[in-house]
Amino acid sequence: MKTVVDHLGRTVKVPEQPKKIISFAPAITDTLFSLHLEEEVVGRTRFCIHPKEKVANVMNVGGTKDMKIERVRALQPDLIIAEKEENTKEMVEQLEKEFSVFVFEVQTVDDALHMILDLGKLVDRVDSARLLYERIVEDFATIPSHYTRKRVAYVIWKDPYMVVGKNTYIQSLLELLGFVNPFLDYEGRYPEVTIENLRAEALDYFLLASEPYPFREKHQEEFLKIDTNAMPLLVDGEMFWYGVKMLRAVEYFKMELAKNYP
């Protein structure tokens, strides 16, 4: 065993080479498989859906905020990976009584890059993680700031409407793309907003994400009624995940957004 410090400053004892890993964060689960840990990943949440052909063979231990502790115990993991936004403090406190729990915190593109390197050290995949890190850094340097000064609401929910706010990985990506997010001064990282709030911000775009709320074409008309001056665009929410998805995101931002949308 070795002693490490996680992203929340917690001191955690973890194995030198973890053999039974449970991940409670979908983007991290996806990234673990990209680091060739098919044999080591034994548990994941029902929201960990990528890579599809591989997670199908891994035990579902519940949700990101409603785990099945008896399933976790049955697997007897030697390492559990959580993420501050994805998982609750109560979950971590319960799990750490019995298992080694390392918590990541990802709020920016830089955080996401450092997560990959730290994950590689944590699971004994330093070289693979470094290669992934270098590929993403190289590719991200080519993303154009196509939407410079365009005002945007990245909408993640309805009834009530919720948008992306401050201190979030998605906001970091929006900034990289050149967008201005007027909801950074609103309370919370994912503030609830009213129709009046949306109209008052003189938006250029509504970005309607495919997840967690499944916005579809039928919802575009709804947002046109809110503000006829703001273009409602459907976006693939998974392209705003951190980790290995960042590689696919670069091409998506170049092709789907920058070239297909004005």
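Two strands are said to pair if DSSP finds at least two bridges between them. Helices (H or I, at least four residues) and strands (E, at least two) are DSSP runs, numbered from the N terminus. The model is predicted: local features need pLDDT of at least 70, side-chain atom pairs count only at pLDDT 80 or more, and totals for chains, interfaces and linings use all residues. Residues are numbered from 1 along each chain as its sequence is written, and side-chain values use heavy atoms, with hydrogens and water left out.

**The parallel sheet**

- Five strands form an open sheet in the order β5-β4-β3-β6-β7, and their pairing is parallel.
- The edges are held by β5 (59-60) and β7 (101-104); each has a single partner strand, so one side of each is left without a neighbour in the sheet.
- Strands β4 and β5 run parallel and are joined by two bridges; the bridge partner of arginine 44 is asparagine 60 in β5.
- Helix α5 (residues 109-122) lies across β6 (79-83) and β7, and runs at about 165° to β7. Axes are lines fitted to C-alpha atoms, for helices over the stretch in contact, and angles run from 0 to 180 degrees between N-to-C directions; contact means heavy atoms within 4.5 Å.

**The mixed sheet**

- A further open sheet of five strands has the order β10-β9-β8-β11-β12, with mixed pairing.
- Its edge strands are β10 (192-193) and β12 (231-235), each of which pairs on one side only.
- Strand β8 (residues 152-157) pairs with strand β9 (residues 161-163) in the antiparallel sense over two bridges, and tryptophan 157 stands opposite methionine 162 in β9.
- Helix α9 (residues 217-226) lies across β8, β9, β11 (205-209) and β12, at about 150° to β12.

**The hairpin of β1 and β2**

- Strand β1 (residues 2-5) and strand β2 (residues 11-14) pair in the antiparallel sense over four bridges.
- The two strands form a hairpin with five residues between them, and glycine 9 in the turn has a positive phi of about 85°.
- Valine 4 stands opposite valine 12 in β2, while threonine 3 stands opposite lysine 13.
- In a regular strand the side chains alternate between the two faces of the sheet.
- In β2, Val12 and Val14 make up the covered face, and Thr11 and Lys13 the uncovered one.

**Arginine 10**

- Arginine 10 is found in the loop between β1 and β2.
- Its side chain makes a polar contact with the side chain of glutamate 96 at 2.7 Å. A polar contact is a pair of N or O atoms within 3.5 Å; within protein, one must be able to donate a hydrogen and the other to accept it, and residues adjacent in sequence count only if both atoms are side-chain atoms.
- A polar atom of the arginine 10 side chain also lies 2.9 Å from the backbone oxygen of valine 101.
- Residues touched by arginine 10, not counting those up to four places away in sequence, include Val4, Val92, Phe102 and Val103.

**Helix α6**

- Helix α6 (residues 126-140) has 15 residues and reaches 21 Å from its first C-alpha to its last, close to the 21 Å expected at 1.5 Å a residue. The expected span is 1.5 Å times one less than the number of residues.
- Its buried residues are Ala129, Leu132, Tyr133, Ile136 and Phe140. Seen down the axis of α6, these fall within an arc of 100°, so they line one face of the helix; the arc is that of the directions from the helix axis to the C-beta atoms.
- Asp127, Leu131 and Glu138 are exposed on the other side of α6. Buried means under 20% relative accessible area, exposed over 50%, and partly exposed in between (1.4 Å probe, protein chains only).

**Backbone features in the loops**

- Most residues other than glycine have a negative phi, and most peptide bonds are trans.
- A cis peptide bond joins histidine 50 and proline 51, with omega about -10°; proline 51 is in the loop between β4 (41-44) and α2 (52-55).
- Aspartate 159 and proline 160 are likewise joined by a cis peptide bond, with omega about 5°, and proline 160 lies in the loop between β8 and β9.
- Aspartate 159 has a positive phi near 55°, and counts as exposed at 66% relative accessibility.
- Histidine 36, in the loop between α1 (26-34) and β4, has a positive phi near 65°.
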